[in-house]
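Please look through the sequence and the 3D structure shown here before reading on. The report that follows goes with them and is meant to be read slowly, with the structure in view.

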Amino acid sequence: MSRSAHPAGPRHADVLPEGHYAAPADDLNALDPKVWAHTVGRDADGVVTVGGLPVTQLAEEYGTPAYILDEADFRDRARAWRTAFGTDADVFYAGKAFLSRAVVRWLDEEGLNLDVCSGGELATALSAGMPAERIAFHGNNKSPEEIERAVRAGVGRIVLDSFQEIVRVAHIAQSLGKRQRVQIRITVGVEAHTHEFIATAHEDQKFGIPLAGGQAAEAVRRALQLDGLEVIGIHSHIGSQIFDMSGFEVAAHRVVGLLKDIRDEHGVELPEIDLGGGLGIAYTSDDDPREPHEIAKALTEIVTRECEGARLRTPRISVEPGRAIVGPTAFTLYEVGTVKPLDGLRTYVSVDGGMSDNIRTALYDAEYSVALASRTSDAEPMLVRVVGKHCESGDIVVKDAFLPGDLAPGDLIAVPATGAYCRSMASNYNHVLRPPVVSVRDGAARVVVRRETEEDLLRLDVG
Ligand SMILES: *Cc1c(COP(=O)(O)O)cnc(C)c1O
């Protein structure tokens, strides 16, 4: 990633401060298609449009801040994953990235399955009509009530995460007179994030049962003996925002190794493996994610090759992309409230949201880009930090970026690629109300999650 001391704009000293930023783009008005939803562009007046609607109109109608979701783009990406993996594999959208009933219906219509990881996500999925057999239930500490609800509903699989849960789910299923399809989540000693992966010693985390030391094999041994369970496969999820396929390669090798051991010990060839999600997206122009068809081809080849080597029938593969489907489909629209230049440092641009609608920057040091959305400008670029309105100095939305030097209160700015883990992680910190999610398609907008009101807030406070 390039760091540069670009010639400063009019409001800056000659040397730009330390930071993690590329040189400003040649044209700050340009919208890099890598980081924006498919239908985003600018109209003749220079206003950013999505699904044929100008953001100025969206802001007027729905207020700011707001998450603006491109439905056509969401469907395109969901379909691209589905098509890439074909009929011999399953794509489970990871609901934790962003879940609403509209999204569940789109997924259902596009032929995807759905991962949930709590009773709340399960309730959302079921209430929108997702067939239970296409739902997978995840989590490292599902409550007995959640398990019972999932088993009663008939979810297609529960992903077991501990020895205790193996017994718990078996017991609940049996007491309901059912045999629950389950996968066992293992940790293969691979952790992948972005451009790197580490292939040893990353079992030190709360999810899954370690392959190392024979624990995963022991888990399978116990699960196979329980009448309440039908063990359909092994699950592995190695990280997030991954660009490099070599982590999956090692994971697949180790998962197939376990399948082989299971076959040798029990005479059973488990029919499925799940390689999890975690595929990266472009948050800035520096990121180069892979297309679903490349990922599908790579994963299928790896698994097929490993199984041939182990003389196993190739199991049915499933994957669980969350971010890669929803992340790029939405941007957050903010109104600029104040513009505060700090001499020799940078300019702080305060917006009407912040860490309550995007915690990722504070939590993960995530990088985002930003664009002036309500107009274009030919002013010199200025280095900005986009910050929120919360009482917390870590309340940063975009750490380092360039915006036109004539940015002023009342301008609308948009932060792309906020479809994943922003609304779903949103909070009420400072009793700030959570923004709506507005979906746009073919020149029409509709609210899929409405803006929170003070009434909503006070309803929970019983005084
Ligand atoms: C979070 C998670 C995913 C989705 O991760 P993304 O980075 O959004 O693709 C998939 N599977 C499991 C088990 C997860 O915990």
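Predicted model: local features only at pLDDT ≥ 70, side-chain atom pairs only at ≥ 80, totals over all residues.

## The model and its ligand

A polar backbone atom of Gly278 is 2.8 Å from an oxygen atom of the ligand, a polar backbone atom of Gly322 is 3.0 Å from an oxygen atom of the ligand, and for Arg323 the distance between a polar backbone atom and a ligand oxygen atom is 2.8 Å. When the ligand is taken alone it exposes 390 Å², and the protein buries 92% of that.

## Enclosed cavities

Rolling a probe the size of a water molecule over the atoms shows where empty space is left. In this structure there are three cavities of 30 Å³ or more, and the largest cavity has a volume of about 50 Å³. The lining of the largest cavity is made by Tyr67, Leu69, Phe98, Val326, Ala330, Thr418, Gly419, Arg423 and Val437, which divide into six nonpolar, two polar and one charged.

The second largest cavity holds about 40 Å³ of space. Around this second largest cavity lie Ile242, Phe243, Met245, Leu279, Gly280, Pro289, Arg290 and Ile295, and by class its lining has six nonpolar residues, one polar residue and one charged residue.

## The second largest pocket

Which residues lie nearest the centre of the second largest pocket? They are Thr284, Ser285, Tyr368, Ser369 and Ala401, from a lining of 31 residues. The elements that give two or more residues to this lining are S19 and strand S21 (396–404), and S21 gives the most, with seven residues.

The space in the second largest pocket comes to about 650 Å³, and the lining of this pocket has 20 nonpolar, four polar and seven charged residues.

## A sheet of three strands

An open sheet of three strands is arranged in the order S1-S2-S3, and its pairing is antiparallel. Strand S1 (41–42) and strand S3 (53–54) stand at the edges, where each has a single partner strand, so one side of each is left without a neighbour in the sheet.

Strand S2 (residues 48–50) pairs with S3 in the antiparallel sense over two bridges. For Val50, the bridge partner in S3 is Leu53.

## A hairpin

Strand S23 (residues 437–441) and strand S24 (residues 444–449) run antiparallel, and five bridges join them. The bridge partner of Val440 is found in S24, and this partner is Ala445.

How many residues lie between S23 and S24 in the hairpin that they form? There are two residues between these strands, and Asp442 in the turn has a positive phi of about 45°. Val437, a residue that helps to line the largest cavity, also belongs to S23, which covers residues 437–441.

## Backbone details

Most residues other than glycine have a negative phi, and most peptide bonds are trans. Against that background, two further places in the backbone can be picked out.

A cis peptide bond joins Thr64 and Pro65, with an omega of about -10°, and Pro65 lies in the loop between helix H1 (55–62) and strand S4 (66–70). Asp365, although it is not a glycine, has a positive phi of about 60°. The position of Asp365 is in the loop between helix H11 (360–364) and strand S19 (371–372), and S19 is one of the elements that give two or more residues to the lining of the second largest pocket.

Methods: Residues numbered from 1 in each chain as written. Heavy atoms only, no water. 1 Å grid on protein atoms, 1.4 Å probe; cavity = no way out; pocket = protein on both sides within 12 Å on 5 of 7 lines; lining within 4 Å. Points joined across faces, edges and corners; volume = space filled by probe spheres on them. Nonpolar A, V, L, I, M, F, W, Y, C, P; charged D, E, K, R; others polar. Polar contact = N/O pair within 3.5 Å; in protein donor to acceptor, adjacent residues only side chain to side chain. Areas by Shrake-Rupley, 256 points an atom, 1.4 Å probe, with all protein chains shown as cover. Pairing = 2+ DSSP bridges. Helix = DSSP H or I, 4+ residues; strand = E, 2+ residues; numbered from the N terminus.
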